[in-house]
Amino acid sequence: MTIERAAEPFLLIRNLVKEFDGVRAVNDVSVAINKGEIFALLGSSGCGKSTLLRMLAGFETPTSGSITLAGQDIVSVPPYQRPINMMFQSYALFPHLSVWDNIAFGLRRDGLPKDEIASRVEKMLSLVQLTDYAKRKPHQLSGGQQQRVALARSLAKRPQLLLLDEPLGALDKKLRERTQMELVSIIEEVGVTCVMVTHDQDEAMSMATRIAVMSAGRILQVGAPDEIYETPNCRFVADFIGSVNLFNGSVAVDEADHVIIDTPEGRHYVTHGITGTMGMPVSVAVRPEKIALQTEAPTQEQRAKAVEHGYNCVQGLVSGIAYFGNETSYHITLDSGMVLKVSRTNAARHDESALKRDQRVYAWWDGADVVVLTR
Ligand SMILES: Nc1ncnc2c1ncn2[C@@H]1O[C@H](COP(=O)(O)OP(=O)(O)O)[C@@H](O)[C@H]1O
Ligand SMILES: [Mg+2]
């Protein structure tokens, strides 16, 4: 009988700590990243994302902890000897060099043979679709094209690990969205493993295979974009990713397949069990798009089981309406004073059921569409 060893993760970070003047910028981070992943470190400014990335690149030395890449401890390996490349923002291109020479720069410095350099540069140019722009200088390119040159330059050295720090920060919104997709398809085509840092949740959600949500030097949750969004593991993550309504209350019924939570806004029926105890303080998290709004009480057909019991249904006054074209976002002030956020997709051009300010409405949701948070 052969004993199969569990596949070693490609990049393994264990108990990593970085202190600056006794303050922990990165605080006991452990995470395993697989080959071929696009892994995003997401968090607000100052939470330690760049410091973590810089330790991977070798620009910072960890205070303690370990980093192994393909089974090899890299903490003591100097940056230029690591099979890792960090892509800087577009303005890090050499302005006096052509696109071709920018991409060739690192290869020449490494002393690669001329024809090898030429063949790699040509391949990279075609990969990022800039073959016709090889002779141009960076200032003769658009922001998105400059970004692609920077990516080509990073990939030309065939790193095993590509690091991106806020890669699209310099681009405007429309261009950023397009470039996000381009970057992902290029990275996937090359098959390089990628760790990226961003404070922009849309960027993380649209590009990453998995996301680590960071706060104050720690990783709070790691998961695929839909896991992070639909099953956040704590109030911070629920609130940080997207928009959420948190009903604070306590556990009234605790069964294996459902729980009932009492809050000042009424009873909540939730169709999953929790690890918790009776009476324990918890929050019920409900996303704005999971809530139905109507002027009449929910009908028999509409009623989910929970609503039949009179749960998961609140009433209030429409106190704010924001129209975004594709969707409309409503604020409903409940009798308890809580302001509920609800969003509705504008699927038709003319909505007969459009709500007006100060209208009294019912808001309800399915017990399967919420998450109970215990911390
Ligand atoms: N070289 C440094 N010296 C002292 N403090 C630093 C240094 N680099 C980062 N920090 C501090 O570490 C914390 C995390 O910074 P950083 O990793 O850049 O955050 P992020 O990239 O998430 O915005 C911040 O409080 C920052 O001021
Ligand atoms: Mg940063």
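**The ligand shell and the rings**

By class, the shell around ligand 1 holds 3 nonpolar, 6 polar and 1 charged residues. In this scheme Ala, Val, Leu, Ile, Met, Phe, Trp, Tyr, Cys and Pro are nonpolar, Asp, Glu, Lys and Arg are charged, and the others, Gly among them, are polar.

A word on the ground rules. This is a predicted model, where local features need pLDDT of at least 70 and side-chain atom pairs pLDDT 80 or more, while totals for chains, interfaces and linings use all residues. Residues are numbered from 1 along each chain as its sequence is written, chains are lettered from A and ligands numbered from 1 in the order written, and side-chain values use heavy atoms, without hydrogens or water.

So who sits around ligand 1? The residues are Phe-20, Ala-25, Ser-44, Ser-45, Gly-46, Cys-47, Gly-48, Lys-49, Ser-50 and Thr-51. Each has a heavy atom within 4 Å of the ligand. Helix H1, residues 49-57, gives the most to this shell, with 3 residues. Helices here are DSSP runs (H or I, at least four residues), strands likewise (E, at least two), numbered from the N terminus.

Now the polar contacts, meaning pairs of N or O atoms within 3.5 Å. An N or O atom in the side chain of Thr-51 is 2.6 Å from a ligand 1 oxygen. For the side chain of Lys-49, the distance to a ligand 1 oxygen is 2.9 Å. Gly-48 uses a backbone N or O atom, 3.1 Å from an oxygen of ligand 1. Taken alone, ligand 1 exposes 560 Å², and the protein buries 55% of that. Those areas are Shrake-Rupley values with a 1.4 Å probe.

Next, the rings. How many aromatic pairs are there? The count is 4. Rings of Phe, Tyr and Trp (its six-membered ring) pair if their centres lie within 6.5 Å; planes under 30 degrees apart are stacked, over 60 edge-to-face, the rest tilted.

Phe-94 and Phe-105 are tilted, at 4.5 Å centre to centre and 45° between the planes. Phe-94 lies in the loop between strand E6 (84-87) and helix H2 (99-109), and Phe-105 in helix H2, 11 residues apart. Phe-94 is partly exposed, at 27% relative accessible area. That class lies between buried, under 20%, and exposed, over 50% (1.4 Å probe, protein chains only).

Phe-236 and Phe-240 are stacked, 5.7 Å centre to centre, with 10° between the planes. Both lie in helix H8 (residues 235-240), 4 residues apart, about one turn.

Note on methods: A polar contact is a pair of N or O atoms within 3.5 Å; within protein, one must be able to donate a hydrogen and the other to accept it, and residues adjacent in sequence count only if both atoms are side-chain atoms.
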